[in-house]
Each structure stands twice: as C-alpha cells, then as structure tokens.
Amino acid sequence: MTRSVFLQFIIASCMLVGCAPQAQKTHDVIVIGGGLMGSSAGWHAANNGASVIVLEMQDSVYHQGSSFGEARIARSNNRGNDIWSYLHNRSVKETQLLVEYLNQSAPDRAYSITDIYTTAPVTYVGRSTIYDQLLASLIRQKVNYDMAVNPQEGKRKYNINLPDSVLIQREYNLHSGTLNPKALIQLLHTAIRRKGSAIRYNNKVTAVQYDTLSNTYDVTTINQKTNETNILKAHQIVSAAGPYTGTLLQDIAPYFDQLIDPQRVFLAFFKIQDSTYANLTDQDIKKVKSFYPVINSAQGTRDGSFFSMIEYYDQNNHPIIKIGGHFQRSTIDDLDKVWEKSHSKEEIQWSLNSTSNYMDLLDLPIKKNDLQLVDGYSCVYSLTQSEVPLVTPIKTNTGEPNHDFIVMGGMSGVGAKGAMTYGHLAARLLKGPIPTTEDTLYQITAESLGFHRIHPKDE
Ligand SMILES: Cc1cc2nc3c(=O)[nH]c(=O)nc-3n(C[C@H](O)[C@H](O)[C@H](O)COP(=O)(O)OP(=O)(O)OC[C@H]3O[C@@H](n4cnc5c(N)ncnc54)[C@H](O)[C@@H]3O)c2cc1C
C-alpha cells in the first residue's frame, strides 16, 4: 500500500468508526453482587429496559456466599406475617415469567420451572400451642394442607410416632418444596445477557462515590485475577452484597453497618449408609422422600429447632440430607475466612442427634450409626434486628429516600424463597415510590421492607 493510499484508508476508517477518544459509557444500573438478590434485581431492571452491569467478585462458579447450594425450603404457609407467603407466591409467578422469556428469546433449549422448584410436601413439626395461630394463617394464606394433632392421628394418617403435645402439618401447594439457588442464578444470568446486559465476574467493588459534576456514581472495581482496577459509571446502583453490605457502604450509607449483622451458621450433610438404605422397604424410601423438607420447632426451644431437606441425590440415587439450625448462630471474626471454618464436634453432634430424632419420629429403621456425615460447611446469615430484610432506597443528605441507590440487605432464612420478589421490588424502586395502584400486598411488603427502617431508632 502506498503512503497516500494508507492515509486515505486511515481517514476513511476514522470517518467510519471515529478516532476521537471514546467517552466512557454510563450504564443505567450497576448491581453490586451476583447472588440470588443481585441477580434477581439485575434481571428485573434489565427486563424494565435498563442497561445493567452486575459486578460479582467471585468467578462464574459461585462457591461462597449465602446463596451457595442446591436447595432451600420454598413454602407458601407462614404462621407469622402474610408478607412471607406473598413473597413466595409472587416469586413463583416471577420465575414462571422468567422461564417464559427464556423459552421465547431463544428456543434452543427448553427451560422449565421444574429446573428451579421441586414440588414436595413441606412438613412443619411444632408444639400444639401454635394450633390456633397456625389455623388462622392457613385460612388467610390459602394453603393446601393436612395435619395430625395427637399421637393417634399421627399413627393413623402418616404412620409416624408423634409425641404428645406436638402437631405436624403438611403443605401441598404446587411449587412448595425446595428451590435450587444455583439453577436460579444460572437462569437469571442467562436472561440478563439475553437482554443485552452483562455480568462481570471476578470484579470486586472497592468504592462507590457520587460524582457531582456528572451526576453519576463512580464504581471502582479490582479484577480478582489480574489486579487491574477500573472505574465504571452508572446513573443508578443496586447494592446486593450480602454480608459485605456494611463494609461496602461505609462511605455512602454508613448506617447499614449497624442495621445488618452477619452471623455464622453451619450446615451438615448426611447420607444413610448404603447397607441400611439397601434394607429399607419401598414404603420407607417413599417416607424419607416425602417427609423432607421439614421445619421442626417441636423442641420448644430455639436451640432445638432445625430445618432439613434433601439437597441432592448421589450417584446411587440415594438422598443427601442437609440440616441446619436457624438459631445456631455465632459471631464472625473475619468475614473473608468464615466460609472455610469447619464444624465443632458439638455442631456435628447436634446435627446428628436432630436428624436421628427425626428418623425416630418418622418411625423409620434408621439409627444414629446409620447416618454418615458426608459434608459440612459454614455459611452466613445477614440479619437485621427484627429479622425482616431490607429493600430500600438510601437516604439523601436531607433524609429523603434516594431512589437512585437501592440496598437489598439483611437476608436470612427466608431470602431464597422470596428472591424473585425482592429483586422485582428493588428494580421497581429505581423508578420511584411504589404507586398506590399496585396490588395491596405488594405495597404492604414494600412498606415492611422499606425506607423508614433505615432510621436506626425505628428498628
Ligand atoms: C444456611 C442457610 C440456609 C438458608 N435456608 C433458606 C431456606 O430454607 N429458605 C429460604 O427461603 N432462604 C434460606 N436462606 C436464605 C437465602 O439463601 C439468602 O437469604 C439468600 O441466598 C441471600 O442472597 P444474597 O444475594 O443477599 O446474598 P449472597 O448470596 O451472599 O450474595 C452476595 C454476593 O455479593 C458478592 N459481593 C459481596 N461484596 C462484593 C463486592 N464488594 N463486589 C462484588 N461482589 C460482592 C458476593 O460474592 C456474593 O456473591 C438460607 C441461608 C443460609 C445461609
């Protein structure tokens, strides 16, 4: 190529693609954290038409965080406030819409809501004293259920050993059972990309600042693999950093450090010894499968309560049973290292005793020695004082809600089942206050999770 032809080529190229320095793109929304909450918020914001970047400090294979794992209890009934029932039911609907979008946008693979939910009876074991409160909630919350309230009924209806003063309730709603967080996160990330938005893994956010000149947020990231730092700009932010929320927001909304208290919880995984499993009758195996998941609060003490579920089936198609205690919590010395902390002997013993006691209640021929510990790890609950999570705008300097910055935090034992609703709310709040035309429970839920609670005196 002669010099003049080369120059003509350069000029033509510049006219086509532009040679001036490229101004940095300002994204509509940056979501910090790609766990269940951030992924859900990212999807809903992208679905509302925003250009979204989700920043996640872990690699694409999620290995530590409150959303780690393959099973969480998803249930419609809740003895307490009706918002918990709503959060689950709305999440099921939102998941169905997500699946429909994925199937329409690229019919290369058939997605199904059963990739996410396993429908199985949810079993609740509790003291008989909860009966009236339970019945009232069952009427309000339109749950399909049955119940045994004394030892005779327990034997007749389910062939189990129900102790005196203990009742058992079984919930049979479609899509009540367990939810798979790993599968849901994968679907959400696929859908976010299909909307033209992006997930950036290995990107840890180290600072978030408001740039008053451009009226945008500057988000500083460090690449966990290359150590390269970068500043991204966005008009709006959703913070969904789980237990790291307090540290992350220390400059922009320092009060979250007081509002959210991360605590360690442990999980243990048991299999039934192969030789024992081989001797179980078909009826026994059916019973094992249909009496998980379970929430057992019959001990009457917080210490004795546990939740347990089949996390997955091993290569022999034998169930791996996970158990944990909602109140088995301890303080955390180092959040970055807590995930590697192994169990104490007492914790393993508690898990084993609780599982074995439940096998006795079910009248199954499975004793302590028949249960083999196959795994266990530490996890984190991010807790608020009231144990109700927060999905809220931060405060402006004048104390008003700032709808350009939404925080999802304080998620604990009921986060997963409502994740698709929490994310919907976060994306909705980016548009401004929730209008009164929204359905009543949506408004009540938004209010319960909302802004007034970020004033510490109200917690
Ligand atoms: C043991 C246990 C049992 C549970 N059981 C149930 C149940 O049965 N039913 C139910 O409904 N719920 C249950 N939950 C609750 C539910 O799993 C959680 O509420 C939910 O997973 C929380 O999701 P999250 O996105 O808020 O947090 P996380 O999954 O922790 O996500 C936060 C993400 O942010 C990333 N991050 C943090 N800081 C940064 C940063 N600076 N830059 C970039 N990325 C960052 C983290 O890597 C992480 O991926 C349980 C939780 C636990 C721990």
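**Exercise 1. Work out how strands S18 and S19 sit together: how many bridges join S18 to S19?**

Step 1. Count the bridges: 6 of them join S18 to S19 (residues 401-409), and the two strands run antiparallel. Strands here are DSSP runs (E, at least two residues) and helices are DSSP runs too (H or I, at least four), numbered from the N terminus. Two strands pair if DSSP finds at least two bridges between them.

Step 2. Pick out a facing couple: Val391 stands opposite Met408 in S19.

Step 3. Look at the turn. The hairpin of S18 and S19 has 5 residues between the strands, and Gly399 takes a positive phi near 90° there.

Step 4. Check burial. A residue is buried if 20 or more other C-beta atoms lie within 10 Å of its own, exposed if 12 or fewer, and partly exposed in between, with C-beta atoms placed from the backbone. In S18 (residues 390-395), 5 of the 6 residues are buried, so the strand is largely enclosed by the rest of the structure.

Before going on, a word on the model. It's a predicted one: local features need pLDDT of at least 70, side-chain atom pairs count only at pLDDT 80 or more, and totals for chains, interfaces and linings use all residues. Residues are numbered from 1 along each chain as its sequence is written.

**Exercise 2. Describe helix H2: which of its residues are buried?**

Step 1. Get the length. H2 (residues 36-47) has 12 residues and reaches 16 Å from its first C-alpha to its last, close to the 16 Å expected at 1.5 Å a residue. The expected span is 1.5 Å times one less than the number of residues.

Step 2. Go through the burial list. 12 of the 12 residues are buried, so H2 is largely enclosed by the rest of the structure. Among them are Leu36, Trp43, His44 and Asn47.

Step 3. See what comes after: H2 is followed by Gly49, whose phi is positive, near 105°.

Step 4. Leaving aside neighbours within four places in sequence, His424 is in contact with His44 and Glu94 (contact: C-beta atoms, placed from the backbone, within 7 Å). His424 belongs to helix H12 (residues 419-429) and counts as buried because it has 27 C-beta neighbours inside 10 Å.

**Exercise 3. Examine where the domains touch: how many residues of domain 1 are in contact with domain 2?**

Step 1. Count both sides: 32 residues of domain 1 are in contact with 34 residues of domain 2.

Step 2. Name the contributors. S3, helix H3 (82-105) and helix H6 (181-194) give two or more residues to the domain 1 side. H3 has the largest share, 4 residues.

Methods: Contact = placed C-beta atoms within 7 Å.
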